[in-house]
Amino acid sequence: MAGPPAVIWEHELEGLLRYRELLPRLEEALGKFSSRDPAEVIQPVRMTVPLQKHHGFLGLMPTYMEKNRVLCTKFVCFYKREDGSTLPSTQSTVVLLDPEYGNIKAVMNGEVITRMRTAAASAISAKLLMCPEAEVLAILGSGVQALSHYEVFTEMFSFKEVRVWSRTGQGSERFCRSVSGPVRVCVSAEEAVRGADVIVTVTRCTEPVLFGQWVKPGAHVAAVGACRPNWRELDDVLMKEAVVYADSREGAMKESGDVILSGAEVFAELGDVINGTKPALREKTTVFKSLGMGVEDAVSAQLVFDQWEAKSCKS
Ligand SMILES: NC(=O)c1ccc[n+]([C@@H]2O[C@H](COP(=O)([O-])OP(=O)(O)OC[C@H]3O[C@@H](n4cnc5c(N)ncnc54)[C@H](O)[C@@H]3O)[C@@H](O)[C@H]2O)c1
Ligand SMILES: O=C(O)[C@@H]1CCCCN1
């Protein structure tokens, strides 16, 4: 009979998950996902249950990696919050199971995993798709994901300038106080993105906030928000002019308003580029449409659990 699961919560998780170990595991997992080999990854598109009264959704994100012996699911609630609301826009829990017996090995707070694996996936997209001499990074939005994207992008790349734009002045101020490096606050989204080589959109908006006419040809956009079929962050011009990559083709076709409503074609998954089956068109304007995948949570949770077990054995 298995014992009770390990409960690994926010503070402890922060010490166990580091980008330098997460990034290679995530890159490998994205490649495995795109190989569509069921012995590598089985991961259906997220199932969502509307929480109509609360303007939110519950997403269920199960994943099985037979060869890696990882069985995992994330429960994530996400909400369309009013600006000024102090409530979090996502809350999640990750459950790691033993695939042989079916018992739960660990229950983890999903906030750290979600913010780090999402930013890391965007950073992998930039590594593969931005122009090699990229100098300027622009971040639209100033919340949880804006901070984790700032953290990993400045750790991985050497930008000469990082710009941030937020709809509220308070948001930009909070962002500047929280980051450890330099950042230029812009008063409009247009000012932030004009001439930028890499643009990250991490907003809760449901209408376009980034317009193709502002985007420098050859720029790379990591589009992280707008995860419902009728929500937008990017306009039709950008979606049609850019070469569109996604984490999951099926996910993008089912969940991304930017893809569905613009009629843009998904050229490739990031994993296809990692596997060498589709090219990285760095010289073109590229969009990485991120929706978030269970396999990203699964490898992150396994990494946390490995570190947690190693630490528990030592003490
Ligand atoms: N792709 C993924 O894997 C993934 C993972 C987690 C979160 N997300 C999404 O990323 C987005 C950001 O998440 P977060 O946790 O940073 O949220 P957050 O609530 O911490 O921050 C959201 C930011 O968006 C801004 N904002 C809200 N409404 C806006 C509008 N109409 N126009 C412009 N800006 C607006 C807010 O001022 C804030 O700066 C959300 O859409 C979330 O659903 C995606
Ligand atoms: O993959 C995720 O965790 C997120 C949660 C919020 C909505 C978009 N996808």
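Strand β4 (70–79) and helix α3 (110–129) each supply at least two residues of the shell around ligand 2; helices (H or I, at least four residues) and strands (E, at least two) are DSSP runs numbered from the N terminus. The largest share of this shell, three residues, comes from β4. The model is predicted: local features need pLDDT of at least 70 and side-chain atom pairs count only at pLDDT 80 or more, whereas totals for chains, interfaces and linings use all residues. Residues are numbered from 1 along each chain as its sequence is written, chains are lettered from A and ligands numbered from 1 in the order in which they are written, and side-chain values use heavy atoms, with hydrogens and water left out.

A residue is counted as near a molecule if one of its heavy atoms lies within 4 Å of it. Around ligand 2 these residues are Arg 46, Met 61, Lys 74, Val 76, Phe 78, Thr 90, Thr 114, Arg 117, Cys 227, Leu 291 and Gly 292. They divide into five nonpolar, three polar and three charged, where Ala, Val, Leu, Ile, Met, Phe, Trp, Tyr, Cys and Pro count as nonpolar, Asp, Glu, Lys and Arg as charged, and the others, Gly among them, as polar.

## Polar contacts and cover of ligand 2

A polar contact is a pair of N or O atoms within 3.5 Å. A polar side-chain atom of Lys 74 lies 2.6 Å from an oxygen atom of ligand 2, and an N or O atom in the side chain of Arg 117 is 2.8 Å from an oxygen atom of this ligand. Leu 291 contributes through its backbone, with an N or O atom 3.0 Å from a nitrogen atom of ligand 2. On its own, ligand 2 has 260 Å² of accessible area, of which the protein covers 90%; accessible areas come from the Shrake-Rupley method with a 1.4 Å probe.

## Surroundings of ligand 1

Ligand 1 is surrounded by 22 residues, the closest being Ser 142, Gln 145, Thr 203, Arg 204 and Ser 290. By class, the shell has seven nonpolar, eleven polar and four charged residues. Its largest share, three residues, comes from α3.

A polar side-chain atom of Ser 290 lies 2.9 Å from a nitrogen atom of the ligand. Taken alone, ligand 1 exposes 860 Å², and the protein buries 88% of that. The elements giving two or more residues to its shell are α3 and α4.

## The eight-stranded sheet

An open sheet of eight strands runs in the order β9-β8-β7-β10-β11-β14-β12-β13, with parallel pairing. Its edge strands, β9 (184–185) and β13 (266–269), each pair on one side only; two strands pair if DSSP finds at least two bridges between them. Strand β12 (residues 243–246) pairs with β13 in the parallel sense over three bridges, and Ala 246 stands opposite Glu 269 in β13.

## Cavity and pocket

On a 1 Å grid over the protein atoms alone, a cavity is a set of points where a 1.4 Å probe fits but cannot get out, and a pocket is an open set with protein on both sides within 12 Å along at least five of seven lines; lining residues have an atom within 4 Å of a point. Grid points are joined across faces, edges and corners, and a volume is the space filled by probe spheres set on the points. A search of the whole structure finds one cavity of 30 Å³ or more. The largest cavity has a volume of about 100 Å³. Of its 13 lining residues, the closest to the centre are Gln 43, Val 45, Arg 46, Gly 292 and Met 293.

The second largest pocket holds about 170 Å³ of space. Helix α4 (residues 144–156) gives the most to its lining, with six residues. The lining has four nonpolar, four polar and two charged residues, among them Arg 115, Val 144, Glu 151 and Ser 180.

Technical notes:
Polar contact = N/O pair within 3.5 Å; in protein donor to acceptor, adjacent residues only side chain to side chain.
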